[in-house]
Amino acid sequence: MTAPRWTTTEADLDVTEPYDVRWMEWFLSGHAVPGMETTVDGTYRRSLRLLHGPAVVSCRFDRPRGRTVLRVAVRTADDRNVPEALDRVRLLYGTDVDSAEADAVLAADPALAPSVEQAPGIRVPGSVDPAETLLRTMIGQQISLGAAATHTARLVAALGDPVGDDDGVSEHGIVRLFPTPAVVADAGASVLTGPTRRITAIAETARRLADGDVELHRGRPAPEQEADLLALRGVGPWTARYVSMRVQGDPDVLLDTDLVVRQGAALLNVDLRDSGRWSPWRSSASMHLWRVALLDRGTYPSAAAG
């Protein structure tokens, strides 16, 4: 039987202004997992596991007629995947988020005002797959971005299903999907390396996800979801908050235990115990503090770098 031919559908997604393109491009590039994600010449590509089979999306920003748009190409063997793929891209990029109010609140704080002026419209990256976001976050706990990408890439290479495209995708390095929770639960411990406690926690969480004991989706109240996450072995407050911020789109998460956020706060002489003035936009404040610290480290591109 002949496999279905893959086709490409292109769409332009409008982006609410202001939008800090540089931040999103840096985040996606910095967290990209070889084998399932790449960023080349400003185009971000990744595989998606969708209801009607796999797809690969390619995304890049453009500014026709002075407005920001996200140009997206969806490659799949089943056109029914296209609307779902575009919806997931919207969530990942936060294209529909109205950041003007957040900017106004944060700019009223003299400590954050310079960062807001330099990076208006900074967004919290969303999630294309809640289970993937949780498992990748657990894999990346207490290790560098590079190490997290290496560990995750090993998992993807060993356990991820092939994308199955007929042409055009493998040349960009997108060859596999992130493995399902059931597969990670069954075989993840044989692939992942590191402390036994962490590997066991990841496998147990994957099993809970596969069995439906842990429910992750955007419609759940963030406090309810965080309580469920904190009941899992190996999931602490930082992980629960980070996942709520990305999966739920919770705008008021302060990552006050995050090392980089704390470094950013120290550089601005900000007391994280007194963050009420940023509410309900503390997730955006967390992004600004991250950015400030990364700029100080020299690991984030300045505006002059384009």
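Q: Of the 16 residues of α12, how many are buried?
A: This is a predicted model, where local features need pLDDT of at least 70, side-chain atom pairs count only at pLDDT 80 or more, and totals for chains, interfaces and linings use all residues. Residues are numbered from 1 along each chain as its sequence is written, and side-chain values use heavy atoms, leaving out hydrogens and water. Helices (H or I, at least four residues) and strands (E, at least two) are DSSP runs numbered from the N terminus, and buried means under 20% relative accessible area, exposed over 50%, partly exposed in between (1.4 Å probe, protein chains only). α12 is mostly covered: of its 16 residues, the number buried is 12.

Q: What covers the buried residues of α12?
A: The buried ones include Trp290, Arg291 and Val292. Contact here means heavy atoms within 4.5 Å. What covers them includes α1, α3 (100–107), α4 (113–118), α10 (237–248) and α11.

Q: How far apart are the end C-alpha atoms of α12?
A: The expected span of a helix is 1.5 Å times one less than its number of residues. For the 16 residues of α12 that comes to 22 Å, so the helix agrees with expectation, with its end C-alpha atoms apart by 22 Å.

Q: Where is the cis peptide bond that joins glutamate 17 to a proline?
A: Most peptide bonds are trans. This one is cis, with omega about -5°, and it joins glutamate 17 and proline 18. Proline 18 lies in the loop between β1 (7–14) and α1 (21–30).

Q: Is aspartate 41 buried or exposed?
A: Aspartate 41 sits in the loop between β2 (37–40) and β3 (43–50). Its phi is positive, near 50°, though it isn't a glycine. With a relative accessible area of 79%, aspartate 41 is exposed.

Q: What is the relative accessibility of glutamine 142?
A: Glutamine 142 has a positive phi of about 65° without being a glycine, and it belongs to the loop between α5 (130–139) and α6 (145–159). It counts as exposed because its relative accessibility is 85%.

Q: Which residues that line the largest pocket are closest to its centre?
A: On a 1 Å grid over the protein atoms alone, a cavity is a set of points where a 1.4 Å probe fits but cannot get out; a pocket is an open set with protein on both sides within 12 Å along at least five of seven lines, and lining residues have an atom within 4 Å of a point. The largest pocket has a volume of about 980 Å³. Among its 38 lining residues, the closest to the centre are His31, Gly140, Ile143, Leu145 and Trp238.

Q: Which elements each supply at least two residues of the lining of the second largest pocket?
A: This pocket has a volume of about 330 Å³. Its 22 lining residues include Gly94, Val97, Val124, Arg218 and Gly249, the closest to its centre. The elements supplying at least two residues each are α2 (81–93), α10 and α12.

Q: Which residues line the largest cavity?
A: About 30 Å³ of space lies in this cavity. Its lining is made up of Ile139, His151, Leu192, Thr193, Arg198 and Ile202.

Q: What kind of aromatic pair do tyrosine 44 and tyrosine 93 form?
A: Rings of Phe, Tyr and Trp (its six-membered ring) pair if their centres lie within 6.5 Å, with planes under 30 degrees apart called stacked, over 60 edge-to-face and the rest tilted. The whole structure has 10 such pairs. In this one, the centres are 6.5 Å apart and the planes 70° apart, making it edge-to-face.

Q: Where in the chain are tyrosine 44 and tyrosine 93?
A: Tyrosine 44 is buried, at 4% relative accessible area, and tyrosine 93 is buried too, at 3%. The two are 49 residues apart, with tyrosine 44 in strand β3 and tyrosine 93 in helix α2.

Terms used: Grid points are joined across faces, edges and corners, and a volume is the space filled by probe spheres set on the points.
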